[in-house]
Amino acid sequence: MIILQVIPELEAGGAERTTLEVAEAVVEAGGRALIASEGGRLESELAAIGGELIRLPVASKNPLTLWSNMRALVALIRREGVQIVHARSRAPAWSAKWACDRTEAHFVTTYHGTYNARSSLKRRYNAVMAAGERVIANSSFIADHVRREHAVPEDRLVVIPRGVDLARFDPAAVTAERVEALARDWRVDGVDGPRLLLPGRLTGWKGQREAVRALAGLPALDPAPHLLLAGDAQGREAYVAELDELARQLGVADRVHRVGHCSDMPAAFALSDLVLTPSVEPEAFGRTAAEAGAMGRLVIAADHGGAREVVRDGETGWRVPPGDARALSAAVSAALSLSPEARADMAGAARNYITTHFSARSLQASTLRVYHEVLNSSP
């Protein structure tokens with residue numbers, strides 16, 4: 001197979017990681033894995049697995065650029081003999097769809113988010129993600145959304161949950177030296193209290209405000225818990241300043257650590273005592289919650305979206321009402337009060353649930369199966 005995936009950038013997000021996992025599967029199956037993108041942090045990993053980057057300005061929403069990208073994709077499809085174009089974002093999906101309409105290539109999409117439609121024009125813009133010969137939803141939550149928004153027939157819709165690299169996110173594979181090095185880099189090696197990790201880019205909908213308020217609302221503990229915010233600001237300096245001021249006003253500034261982007265998330269989870277994913281808007285899947293569970297870390301997630309499929313409330317972690325800092329604080333307090341035996345039992349259940357239901361290998365096999373179905377359905 002010669003598969004071209006199209007995604008705006010190759011930075012450290014769930015869609016980008018899935019793109020690499022699928023590229024790896026294509027290469028392992030003896031095919032060629034091409035990715036049209038503006039590139040990013042994951043370029044070296046793509047090269048290491050044998051994928052090929054075609055640099056195009058596909059992050060742009062400019063109509064002229066979309067049309068120019070379409071012409072470049074048509075030339076690429078014909079030159080390289082691309083059989084399937086797999087689009088993972090709306091703007092480049094339009095270019096990819098137009099290119100497939102002008103060639104023999106098949107068009108497949110993955111619907112990675114809810115893409116809120118507040119107008120008929122926006123709904124029309126989003127509809128390209130439901131126009132694939134197969135539309136892959138990364139959770140049952142997203143599949144239900146696609147059915148409601150676009151009435152996609154069941155024979156074109158398939159649910160393939162995002163996967164976790166179980167070899168990478170394995171507690172036994174993370175050395176103490178890696179964890180200690182990360183603690184030094186983050187300047188939390190001297191922290192005695194529990195470490196609460198919130199992984200995710202610094203943006204309001206990820207729930208950092210609620211986490212800071214929850215930290216401040218905890219009963220007095222000795223040693224006191226610390227909150228680690230692991231993620232890029234991506235230029236949102238006003239939001240960063242707001243978080244800093246909020247922590248100062250609530251008297252927890254010395255216990256809130258903005259540690260930036262992390263390239264060693266297994267070590268980050270190993271460093272933490274509890275993982276928070278309190279997004280105030282629903283996550284399509286909740287990959288960080290799944291990765292944390294694979295590492296045997298307990299998770300407190302917002303009770304909506306794909307997180308409901310990843311975190312089993314009271315069994316593998318907890319779910320709390322989104323945007324409710326008091327409920328989040330209460331859940332943190334309850335988690336920290338667990339006995340070592342109860343914590344170990346819940347952590348074991350979390351790892352078992354994730355390894356059983358959300359492996360990267362399962363995602364890869366299911367995606368390759370979709371590719372074969374599409375190719376075999378051609379006249």
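Author: The chain exposes about 16100 Å², and carbon and sulfur atoms supply 48% of that area; accessible areas come from the Shrake-Rupley method with a 1.4 Å probe, and for residues only the protein chains shown count as cover. This is a predicted model, in which local features need pLDDT of at least 70 and side-chain atom pairs count only at pLDDT 80 or more, while totals for chains, interfaces and linings use all residues. Residues are numbered from 1 along each chain as its sequence is written, and side-chain values use heavy atoms, with hydrogens and water left out.

The chain holds 15 helices and 13 strands; helices (H or I, at least four residues) and strands (E, at least two) are DSSP runs, numbered from the N terminus. Along its principal axes, the C-alpha trace spans about 70 × 40 × 35 Å. Its radius of gyration is 21 Å, which agrees with the value near 21 Å for a compact globule of 379 residues; this radius is taken over C-alpha atoms, and the globule rule is 2.2 Å times the number of residues to the power 0.38.

Now the interior. Of the 379 residues, 53% are buried, where buried means under 20% relative accessible area, exposed over 50%, and partly exposed in between (1.4 Å probe, protein chains only). The largest nonpolar core has 38 residues, and Leu4, Leu73, Val85 and Tyr111 touch the most other members. Such a core is a set of buried Ala, Val, Leu, Ile, Met, Phe, Trp, Tyr and Cys residues joined through side-chain atoms within 4.5 Å. Among the elements that give it two or more residues are strand E1 (2-6), helix H3 (63-80), strand E4 (84-87) and strand E5 (106-111).

Which residues does Leu4 contact, leaving aside neighbours within four places in sequence? They are Leu34, Ile35, Ala36, Leu73, Leu76, Val82, Ile84, Val85 and His86, with contact meaning heavy atoms within 4.5 Å.

Thr277 belongs to strand E11 (residues 274-277) and counts as buried because its relative accessible area is 11%. Not counting residues up to four places away in sequence, Thr277 touches Thr288, Ala289, Val299, Ile300, Ala301 and Ala302. Val252 sits in the loop between helix H9 (237-249) and strand E10 (256-258), and its relative accessibility of 2% makes it buried. Beyond residues up to four places away in sequence, Val252 touches Val212, Leu215, Ala216 and Ala247.

The outside gives a contrast. Arg124, in helix H5 (residues 120-126), is exposed at 53% relative accessibility.

Last, the backbone. The peptide bond from Asp222 to Pro223 is cis, with omega near 0°, and Pro223 lies in the loop between helix H8 (208-216) and strand E9 (226-230). Arg187 is not a glycine, yet its phi is positive, about 60°. Arg187 is in the loop between helix H7 (176-185) and strand E8 (195-199), and it is exposed at 74% relative accessibility. Gln234, also not a glycine, has a positive phi near 50° and is found in the loop between E9 and H9.
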